[in-house]
Amino acid sequence: MTVKPRIALIPHASPTSPAARAALMENPGFGKVFSDHMVTITWSVERGWHDGAVKARAPFAIDPAAAVLHYAQEIFEGMKAYRTKDGLALFRPEENARRLNLSAERMAMPPIPEDLFIEAVETLVRIDADWVPEGDGSLYLRPFMFASEAFLGVRPASEYIFCVIASPVGAYFKGGYKAVTVWVSDDYTRAAPGGTGAAKCGGNYAASLIAQAEATRNGCDQVVFLDAAERRWIEELGGMNVFFVMDDKRIVTPPLGTILPGITRASIMKLAAEAGYTVEERLYGFDEWQADAKSGKLREAFACGTAAVIAGIGTVKFRDGSFAIGNSGDGEVTSQLRAKLVGVQRGTVKDDHGWVRKI
Ligand code: PLP
Ligand code: COI
């Protein structure tokens, strides 16, 4: 008896020639170039997850009444495939699967079995292996799920589509690993207790765009959000978590709750502790940030995430002024932690934790 694959291959002629692909991948930027295929899997109340397929990347035909277009039932993940000396690899993909399901729970969406999530991602990376860049680049993977049922009543939809697409990427920030400048927003907050801050849902990002636009207008690369209740505690950036490096081998990062539980954040906490730093997950105020930067107690600060990796924060701007951190450049601890993390991801530093999954 032949077993029907969970993700069937729907053959198609690759639309991109090797020469065209090489040209697209020469300087891909972030999220602008896409690979040839996508994986889709459908969910319905009656059938659960079904009709898994890997096929030509193409537009969706969805009903104008699809629930996602009205009530934003949408969640996503961000992860990368790397080219290592032993072949292609993912970094902690089971953590992305787990987090997607936490987001799904918060948004009243169905969970996807973790092994099916990983199979979908691996299937796409295998079929689009030629799209994984050499050198410093990587193949950014975007698994996502949305409510496809055509229905205008407000309740959890009864049909969903899970999809994975891939995009060869270089550095997230234009300046590469140059320290970035951030804008502390006092107009807008990102998440309130009881809200969706810990979920990776599209709506969080839609709500952050006006604050990010304000940051850009003020010459900054990213926005920093303060907590919604007191407008005092540093939470995170628009698309990254944040760390503060003190002068006494202590590293501070805001606690989980209303922020996204970053996989890079968790990995850095572990690597920093192993390198002899004391990592404190605690509330850290904007007032404290300014005072510590001024007194020199704060040596470095950095942002981290899958897309951005680890980016030093050199300058902080806000409505009433600005301040520099350390020498305004990439700090020593920041670059030490980055070298370690990137080394593990790319297979040049020993993986002591079983974080790297070969494809
Ligand atoms: N915080 C936000 C709001 C994000 O969008 C991201 C990126 O995914 C992160 C933090 C970092 O998460 P991770 O390290 O899992 O990519
Ligand atoms: C990621 O790091 O994967 C994100 O989703 C953040 C976004 C800024 C691209």
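This is a predicted model: local features need pLDDT of at least 70, side-chain atom pairs count only at pLDDT 80 or more; totals for chains, interfaces and linings use all residues.

Entry 1: I looked up the domain division next and found domain 1 at 7-169 and domain 2 at 180-346. Their C-alpha centres are 27 Å apart. I then checked where the two meet: 21 residues of domain 1 are in contact with 12 residues of domain 2. On the domain 1 side, β4 (74-76), β5 (79-84) and α3 (93-106) each supply at least two of the touching residues. Helix α3 gives the most, with six residues. Sorted by class, that side of domain 1 has 10 nonpolar, four polar and seven charged residues.

**Entry 2: a look at α3.** With α3 giving the most to that side of domain 1, I wanted to check its length.

**Entry 3: ligand 1.** Which residues are around ligand 1? I found G78, E236, G239, M240, N241, L260, G262, I263, T264, R265, G305 and T306. Helix α6 (residues 263-274) gives the most to this shell, with three residues. By class, I have three nonpolar, seven polar and two charged residues here.

**Entry 4: ligand 2.** Around ligand 2 I wrote down G78, G239, G305, T306 and A307. This shell has one nonpolar residue, four polar ones and no charged ones.

Entry 5: I turned to the UniProt record, an unreviewed entry, and it annotates K200 as "modified residue: N6-(pyridoxal phosphate)lysine". In the model, K200 is in the loop between β9 (180-184) and α5 (202-217). Is K200 buried or exposed? It has 24 other C-beta atoms within 10 Å, and 20 or more count as buried, so K200 is buried. Leaving out neighbours within four places in sequence, K200 is in contact with I75, F76, E77, R99, S103 and L260.

**Entry 6: I234.** I found I234 in strand β11 (residues 234-237). I234 is buried, because 23 other C-beta atoms lie within 10 Å. What does I234 touch, not counting residues up to four places away in sequence? I listed V224, L226, V242, P254, Y284, F286 and W289. For W289 I also noted the separation: it is 55 residues from I234 along the chain, and their C-alpha atoms are separated by 8.8 Å.

**Entry 7: A65.** My last stop was A65, in the loop between β3 (48-56) and α2 (68-71). A65 counts as exposed because it has 11 C-beta neighbours inside 10 Å, and 12 or fewer is the mark for that. Leaving aside neighbours within four places in sequence, A65 is in contact with A150, F151 and L152. I also looked up S148, which is 83 residues from A65 along the chain, and the C-alpha atoms of the pair are separated by 8.5 Å.

Notes. Residues are numbered from 1 along each chain as its sequence is written. Chains are lettered from A and ligands numbered from 1 in the order in which they are written. A residue is near a molecule or strand if its C-beta atom, placed from the backbone, lies within 6 Å of it. Helices (H or I, at least four residues) and strands (E, at least two) are DSSP runs, numbered from the N terminus. Ala, Val, Leu, Ile, Met, Phe, Trp, Tyr, Cys and Pro count as nonpolar, Asp, Glu, Lys and Arg as charged, and the others, Gly among them, as polar. UniProt positions are given in the numbering used here, feature names are shortened, and annotations may be inferred rather than shown by experiment. Two residues are in contact if their C-beta atoms, placed from the backbone, lie within 7 Å. Domain bounds come from an automatic or database domain assignment.
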